[in-house]
Amino acid sequence: RHMTGRDVPEAKPPLNIDRAETLLVVNQLGKEGAFEDINFELKAGEVLGISGVLGSGRTALAKALFGLVAPDRGSIALSGKNVALGNPIAATQAGIGYVPEDRLTEGLFLTQSIIRNVSVGRFDDHQSGGFLNLASLFDEARGWIEKLRIKAPDFEAEVKSLSGGNQQRVALARWLSQAPKVLVLNGPSVGVDVGSKADIHGVIRELAESGIGIIVISDDLPELLATCGQILMMKDGRIDSIVRAEETNEIELAAKLAS
């Protein structure tokens, strides 16, 4: 409270998704030198954590789910349909979104405006006869900016002028505007203050409640415990164990990471 000027709410427990439909099925996914024998399912409304130390394969797996890394074997199916591997356009069209860990070099156009960053993925839905309808495009973008409470004196301001927390919300808004079925968040609160971190965790819960399946890639143990129902622990490119957040704690997770 002294840091943010407001009360930061405690994270709420994960949702009960036992009877929800299965959205994503990852089967025997492997990439030579990166990860091997990756198998898991993600349900609608579920927040699934994936963790591990640097070199465990967690980042390569995150990128593979979105097609930025091409696996050598295995399959990814969304809503019963296989998604082409190593193809981010196919992943996007199937309904998979990806917010990268390094938003400054991979996730944002820093010298472009906030509103342009949010709207960049929606051009096809706001054009007719070869012309882009900027008014409707920007109106939609403003709606997402307001919904995610992105704080800026001017939506035409360059994204690089924002705080880390607001930059992360811009990256989220871009993908949410495309109505993904599955959202992969790689380090969702890296480099943001404690208040923005709590806000982002609240957004993650709201998205899950709307039916989106969410995968959180992180080594921030309190974040995983606050947002996820289950956590896949990776070691040497493989899933070493699966733990339920309600049945463990930060000390036990840290011991698993260090073992």
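Tutor: A salt bridge is a side-chain nitrogen of Lys or Arg within 4 Å of a carboxyl oxygen of Asp or Glu. This is a predicted model, in which local features need pLDDT of at least 70 and side-chain atom pairs count only at pLDDT 80 or more, while totals for chains, interfaces and linings use all residues. Residues are numbered from 1 along each chain as its sequence is written, and side-chain values use heavy atoms, with hydrogens and water left out.

Student: How many salt bridges does the count come to by this rule?
Tutor: The count comes to 14 salt bridges.

Student: What does Asp219 form a salt bridge with?
Tutor: Asp219 pairs with Arg58, and their closest N and O atoms are 3.4 Å apart. The two sit in distant parts of the chain, 161 residues apart, with Asp219 in the loop between S10 and H8 and Arg58 in helix H1 (residues 58–65); helices (H or I, at least four residues) and strands (E, at least two) are DSSP runs, numbered from the N terminus.

Student: Is Arg58 buried or exposed?
Tutor: Arg58 counts as buried because its relative accessibility is 4%, where buried means under 20% relative accessible area, exposed over 50% and partly exposed in between (1.4 Å probe, protein chains only). Asp219, at 45%, counts as partly exposed.

Student: Switching topic, which residues are buried in H7?
Tutor: Among them are Ile200, Val203, Ile204 and Leu207.

Student: And what follows H7?
Tutor: H7 is followed by Gly211, whose phi is positive, near 105 degrees.
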